[in-house]
Amino acid sequence: MGSPAPASLKQNNLLFLVFIMILFFCSIPDTANLCSSQSSVNPRAVIPYKSSTNISSLETLQLDGYFSFDHIDFAARDFGNRYHFLPLAVLHPKSVSDISSTVKHVFKMGSTSQLTVAARGHSHSLQGQAQAHQGVVINMESLQGPEMQIHTGELPYVDASGGDLWINILNETLKHGLAPKSWTDYLHLTVGGTLSNAGISGQAFKHGPQINNIYQLEVVTGKGEVVTCSEKQNAELFYGVLGGLGQFGIITRARISLEPAPKMVKWIRVLYDEFSKFSNDQERLISSKDSFDYIEGLVIINRTGLLNNWRSSFNPKDPLQASRFISEGKTLYCLEIAKYFSPDESDIMNQKTESLLSELNYIPSTLFLSEVPYVEFLDRVHLSEIKLRSKGLWEIPHPWLNLLIPRTKINEFAQAVFGNILTGNSNGPILIYPVNKSKWNNRTSLITPEEEIFYQVAFLSSAMPSSTGKDGLFHILAQNQRILDFCSKASIGAKQYLPHYSTQEEWQTHFGPQWEVFVRRKSTYDPMAILAPGQRIFRRK
C-alpha cells in the first residue's frame with residue numbers, strides 16, 4: 001500500500017470533529033438485481049431499449065405532483081458516495097395518491113417494463129439503497145399532506161409524514177413540551193428512512209430503537225395499495241415494514257410516541273485504558289434502573305492531543321490532572337453519557353450523576369463535563385457537518401461498517417479488531433455501546449443477535465478522494481473485509497446493521513430462521529419485487 005497523502009494528517013484532525021457521529025438511519029432502502037456488482041456504476045448509464053415506452057407510460061398518469069426525466073443525476077447519489085445508479089425518472093409527489101398511483105401503475109404494467117421504484121428521503125443511504133437503476137425514484141421530501149399533528153394527553157404522539165426530517169419533528173413537538181423518546185445521533189434524516197432500518201442511538205438501551213416507539217403507520221405497498229397498519233390493524237404489514245429495508249411498502253405517515261421533553265443535558269465524557277473495565281461499566285449502566293438517559297462509547301486509537309480537542313465545549317473536573325494526561329500511542333475507550341434535567345432539578349441531577357460516576361472505573365483525570373440545552377445535544381452532529389462541508393470533507397466516500405455483536409463475544413472481537421486489525425489512527429469515529437434486547441420488539445423485520453445484551457459497533461470511516469494510503473477507499477474497504485472475515489472465522493455471531501450483500505444466499509444467511517417470514521411478506525405485499533431495488537435482495541419479476 002502507498003503512503004498516506006501529505007494532507008491526511010490535517011484531514012484526520014478535521015474528521016475528528018464528527019467523532020460523536022453514529023449510524024443514522026439512512027434514507028428509505030430499496031431492492032435491485034441479486035447479483036449486482038459492488039463496484040460503482042456511472043450515473044450516465046446506457047438507457048434500455050424500452051425506456052421511451054416507460055417514459056410515455058408514466059406521462060399518462062394524472063398527478064398532483066410531477067415527474068422529472070432530465071437533470072436527475074442527484075437521484076443517483078447518496079451519502080455513501082460509492083454507488084451511482086441513474087433512474088429513468090424522479091417523482092416529486094404532492095400527495096400520497098401520487099405515490100400510490102405510480103406504484104400501482106408500475107404493478108399493472110407487469111413484467112414487460114421491469115421498472116422498479118425506490119423511495120429517497122434525505123439521501124443518507126450508504127450503498128445505493130435508495131437508488132433505482134432506470135427505475136423511478138420518489139423524492140419523499142416533496143410529499144405534502146396533512147400538517148404535522150401533535151396530540152397531548154396520557155399517551156402523547158405526533159403524526160408526521162414519512163418525508164419529514166426528525167429535526168423538524170423535534171422543533172415542532174418541543175413547542176408542546178414534548179419530544180420523541182428514541183433518536184438517531186444525526187437528526188437530518190427522514191422518518192421513513194430511519195424506520196425502514198431501526199433508528200439507533202444512545203437512548204436505545206432505555207427505549208429501544210425508533211421502530212419500537214411507533215403506534216401506527218400509513219404505507220403504500222408494492223401493489224400501490226394505501227394501508228393503515230398498527231399492532232392491532234394489519235399487524236403483519238406493520239411489523240414487516242418496521243426495519244424492513246423498504247421491501248414491503250413505502251412509509252408515507254407515522255404515529256410516533258412522545259414523552260415530556262427535558263430542557264437541559266448534563267453531558268459527560270470519561271476515558272478507559274482497559275476494554276474490560278469500559279465494557280463492564282457500560283453494561284452496569286444499561287442494567288441499572290436509575291441510570292443515565294444516554295449511553296454510548298467510542299474507541300480512540302493513537303489520537304494525539306485528545307483532551308485538548310474537547311476543551312472548547314467540555315470542562316475537565318480536575319484541570320491540573322487533565323493537563324498531564326497523554327493519549328499518544330494508546331488505544332483508549334471513551335464512555336459518553338448524559339443525564340437530562342430541568343433547571344429547577346439541577347441539584348438532584350448532580351447528586352444522581354455523582355452517585356453513578358462513583359461506581360465507575362474510568363481514569364479519574366479524564367472526567368470532562370458540560371451542560372447544554374437539550375436541542376443542542378440532540379443536534380450536535382449537524383454542527384460538525386457544517387464545519388466538514390466548509391472543508392469539502394462531507395460529500396466524500398463513506399465506506400461505513402455497522403455491526404451488532406453478542407455480549408459474550410465482545411471481548412474476543414475487541415481484542416482482535418482494536419488490538420490487531422486496526423493498528424493506527426482510524427479514518428472516522430468508531431462507536432461501541434451495548435443495548436438490551438428486551439427493549440427491541442422481535443416481531444419487526446430487524447435482525448439482531450440472539451443474546452439479551454448485544455453491542456452496536458460502528459466504523460464510520462471517511463475516504464479521502466484520490467488517496468492510495470490508509471485514508472483511501474481501497475484500504476478502508478479491505479480493512480472492513482478483514483473485520484467481516486474475522487467475525488465469520490471466529491463464529492462471532494455478528495449481524496450487520498444497515499446490511500448490504502451481493503447475493504440472495506448472503507441475505508438468507510443474514511436473516512437466518514426469519515428468512516421464510518421475510519420472503520412470505522415480500523410475496524404478499526410486493527409480489528413483483530418492485531420496491532427498493534437498491535438492497536439487492538429480490539429480483540424484479
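**Entry 1. Overall chain**

What share of the contacts in the chain with a separation of 6 or more comes from residues 24 or more positions apart? I noted 79%, where a contact means heavy atoms within 4.5 Å. I recorded that this is a predicted model, in which local features need pLDDT of at least 70, side-chain atom pairs count only at pLDDT 80 or more, and totals for chains, interfaces and linings use all residues. Residues are numbered from 1 along each chain as its sequence is written, and side-chain values use heavy atoms, with hydrogens and water left out.

I then turned to the secondary structure and found 17 helices and 19 strands in the chain. Both are DSSP runs numbered from the N terminus, helices being H or I with at least four residues and strands being E with at least two.

I compared the radius of gyration with the globule rule: for 541 residues a compact globule would have a value near 24 Å, and the 23 Å of the chain agrees with that. The radius is taken over C-alpha atoms, and the rule is 2.2 Å times the number of residues to the power 0.38. Along the principal axes, the C-alpha atoms fill a box of roughly 75 × 60 × 45 Å.

**Entry 2. Burial, surface and charge**

I looked up burial next: 61% of the 541 residues are buried. Buried means under 20% relative accessible area, exposed means over 50%, and partly exposed lies in between (1.4 Å probe, protein chains only). The chain exposes about 21500 Å², and carbon and sulfur atoms supply 48% of this area. Accessible areas come from the Shrake-Rupley method with a 1.4 Å probe, and for residues only the protein chains shown count as cover.

For the charges, I noted 49 positive and 49 negative ones, with mean positions 4 Å apart. Lys and Arg count as positive and Asp and Glu as negative, while His and the chain ends are not counted. Each charge is placed at NZ of Lys, CZ of Arg, CG of Asp or CD of Glu.

**Entry 3. The annotated span**

I consulted the UniProt record, an unreviewed entry, which places the feature "domain: FAD-binding PCMH-type" at residues 83-261. UniProt positions are given in the numbering used here, feature names are shortened, and annotations may be inferred rather than shown by experiment. In the model, residues 83-261 are 22% helix and 27% strand, and the end C-alpha atoms of the span lie 39 Å apart.

I examined Gly135 in the loop between strand 3 (117-120) and strand 4. With 0% relative accessibility, Gly135 counts as buried. Its C-alpha atom is separated by 5.1 Å from that of Leu88, 47 residues away along the chain. Beyond residues up to four places away in sequence, Gly135 touches Pro87, Leu88, Ala89, Leu115 and Thr116.

Gln134 is in the loop between strand 3 and strand 4 and is buried at 9% relative accessibility. I checked its backbone and found a positive phi of about 55 degrees, although Gln134 is not a glycine. Most residues other than glycine have a negative phi.

Glu141 is in the loop between strand 4 (136-139) and strand 5 (149-151). At 37% relative accessibility, Glu141 is partly exposed. Gly121 is 20 residues from Glu141 in sequence and 6.1 Å from it, C-alpha to C-alpha. With neighbours within four places left aside, the contacts of Glu141 include Arg120, Gly121 and His122, as well as Gly163, Leu165 and Thr190.

I located Thr102 in helix 3 (residues 96-109), where its relative accessible area of 0% makes it buried. Apart from residues up to four places away, Thr102 touches Leu61, Leu63, Phe67, Leu91 and Val136.

Thr353 is in helix 11 (residues 346-358) and is buried at 2% relative accessible area. With residues up to four places away not counted, Thr353 touches Ile268, Phe292 and Lys339. I also looked up Phe205, which is 148 residues from Thr353 in sequence and 18 Å from it, C-alpha to C-alpha.

I found Asn212 in the loop between helix 6 (204-207) and strand 8 (214-221); at 25% relative accessibility it is partly exposed.

Arg536 lies in the segment after helix 17 (515-525) and is buried at 2% relative accessibility. Its phi is near 60 degrees, a positive value in a residue other than glycine.
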